Amino acid sequence: MEGRMQGKAPLSDSNRRIMDADAPPRRVYQAWKGSNIFFLGGRLIFGPDVRSLLLTVCLIVIPVILFAAVISGQLAHEYHNQIGGWVASVAIIFTAYIIVLLLLTSGRDPGIIPRNAHPPEPEDVGESSNLSEWPGGQHGSTGLPLTKDVLVNGVLVKVKYCHTCMLYRPPRCSHCSICNNCVERFDHHCPWVGQCIGKRNYRFFFMFVSSTTILCVYVFAFCWVDLRIIMDTHRCKLGRAIMKSPVSGILILYTFIAVWFVGGLTSFHLYLISTNQTTYENFRYRYDRKTNPHNRGLVQNFIEILCSRIPSSRNNFRAKVKEDSATFTSSLGMGRALSPPKMSVDLEMGMKRQTVAMEELEDLHSQIGSAMGLERCGTEPPHIVGRKGCSEIATDIEAFAEEFGLEQRFTERKKIEQRTSHNP
């Protein structure tokens with residue numbers, strides 16, 4: 001055994017990297033292929049435009065600070081009691097609640113569907129595939145149908161194949177071009193929160209928007225109360241009252257503009273919830289012109305979206321995952337790349353299951369043999385500069401076979417080849 005180990009030539013650098021199984025495993029969020037940004041070791045996941053979240057926080061917090069510091073103080077002075085303190089406390093507590101909803105919307109998995117490591121097998125697609133939508137009924141580059149039909153509440157719905165995630169998107173799922181992920185029940189990508197809005201954070205998004213609308217109305221109303229008190233106390237008109245309390249005038253203008261934005265969003269999403277639509281579906285499919293297979297009635301729609309249990313994330317971003325040692329390509333002079341062994345990656349469990357077929361190992365051997373001219377190795381000296389020796393190639397292949405537990409079958413194949421070469 002010792003003589004056999006000494007007789008083996010060392011592996012090349014590329015093959016050593018491929019077969020290095022002792023490298024420290026990375027976590028799922030470190031090997032993530034989407035455009036997301038992670039914080040706290042994968043505990044928080046944001047979109048690539050997370051910086052806009054800081055702007056959103058400032059647009060909420062700064063007006064409330066002015067309101068609590070200036071307007072509530074003026075109210076306390078005018079009324080000669082603690083009403084100003086109560087007004088400020090309610091505004092601050094409600095603002096903190098809104099910030100929590102904002103973080104729950106922006107910092108959690110919106111419903112990302114894990115990618116496949118390789119396209120599904122054609123036999124797994126089933127007979128429900130439909131190519132009539134595509135010109136000429138062509139298949140994609142993977143040979144799979146570009147769409148297939150699924151039944152949703154008795155209505156036939158087309159689902160598309162995602163070439164990036166290598167899967168058929170479930171109904172109501174769409175691929176976000178900004179985050180580069182397929183998101184379940186995709187509504188839209190919101191730049192104000194820096195995250196996709198999907199199945200797992202839509203409820204918090206709606207609560208955030210509606211609560212912000214209430215906060216705007218609250219600040220707007222008490223700023224008007226402050227101006228009214230000034231007008232009554234000093235017996236002046238509105239313009240002079242604004243001159244005496246310019247902060248009230250600024251906040252009235254600011255909240256009036258903001259309430260049209262967040263209030264309009266709240267009204268629009270109330271309509272979407274009542275009809276069980278998403279923003280994407282409303283602009284893309286126009287369900288008001290045809291049957292919506294997801295509409296279950298007004299009450300059931302609100303219960304499903306606002307009161308049902310939020311599903312657990314399909315991804316464990318902190319799970320450890322080993323490097324995919326099979327994802328390599330080697331140019332062999334003929335311009336043909338070696339086919340990597342199949343890898344099945346389960347991102348949901350954060351683990352990898354590797355299966356290597358003997359046929360692939362044989363194909364690897366035949367490709368190296370044809371590219372490097374194994375049949376001429378016996379007539380060429382092994383010390384030619386710039387060419388890998390025949391013995392070194394053979395030991396590399398033996399190492400592959402030993403790594404994947406196929407050494408015995410590989411040795412039998414090698415004996416057969418030697419016997420055939422000696423007896424032409």
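Val217 is partly exposed, with a relative accessible area of 44% (buried means under 20%, exposed over 50% and partly exposed in between, with a 1.4 Å probe and protein chains only). The model is predicted: local features need pLDDT of at least 70 and side-chain atom pairs count only at pLDDT 80 or more, whereas totals for chains, interfaces and linings use all residues. Residues are numbered from 1 along each chain as its sequence is written, and side-chain values use heavy atoms, with hydrogens and water left out.

Val217 belongs to helix H6 (residues 202-234); helices (H or I, at least four residues) and strands (E, at least two) are DSSP runs numbered from the N terminus. According to the unreviewed UniProt entry, the annotation "transmembrane region" covers residues 53-71, 83-105, 204-231 and 251-273. UniProt positions follow the numbering used here, feature names are shortened, and annotations may be inferred rather than shown by experiment. Residues 53-71 are 100% helix and 0% strand, and the end C-alpha atoms of this span lie 27 Å apart. For residues 83-105 the content is likewise 100% helix and 0% strand, with 33 Å between the end C-alpha atoms.

A pair of aromatic rings is described by the distance of the centres and the angle of the planes. The structure holds 14 aromatic pairs (rings of Phe, Tyr and Trp, the last by its six-membered ring, with centres within 6.5 Å; planes under 30 degrees apart are stacked, over 60 edge-to-face and the rest tilted). One of them is the tilted pair of Phe38 and Phe317, at 5.2 Å centre to centre and 55 degrees between the planes. This pair links distant parts of the chain, 279 residues apart: Phe38 is in strand E2 (residues 37-39), and Phe317 is in the loop between helix H10 (298-307) and strand E11 (320-321). Phe38 is buried at a relative accessible area of 16%, and Phe317 is buried at 8%. The rings of Phe268 and Phe283 have centres 6.2 Å apart and planes at 50 degrees, so this pair is tilted. Because Phe268 lies in helix H8 (residues 246-275) and Phe283 in helix H9 (residues 279-284), the pair ties together parts that are 15 residues apart in sequence. Phe268 is partly exposed, with a relative accessible area of 25%, while Phe283 is exposed at 56%. Ring pairs also link Phe38 and Phe317 with Tyr29 and Trp32 into a cluster.

Strand E2 also contains Phe39, which is partly exposed at 40% relative accessibility. Together with Ile37, Leu40 and Leu44, Phe39 forms a nonpolar patch on the surface, with about 330 Å² of accessible area in total. Patches are made of residues with over 30% relative accessible area and no salt bridge, like charges being joined within 9 Å and nonpolar side chains (Val, Leu, Ile, Met, Phe, Trp, Tyr) within 5 Å. A salt bridge is a side-chain nitrogen of Lys or Arg within 4 Å of a carboxyl oxygen of Asp or Glu. Accessible areas come from the Shrake-Rupley method with a 1.4 Å probe, and for residues only the protein chains shown count as cover.

Lys148 is placed in strand E4 (residues 147-152) and is buried at 16% relative accessibility. Lys148 lies over the face of Tyr168, 4.8 Å from the ring centre (NZ of Lys or CZ of Arg within 6 Å of the ring centre and within 35 degrees of the ring normal). Lys148 and Arg169 are 21 residues apart in sequence, and their C-alpha atoms are 9.9 Å apart. Arg185 lies over the face of Tyr202, at 5.3 Å from the ring centre.
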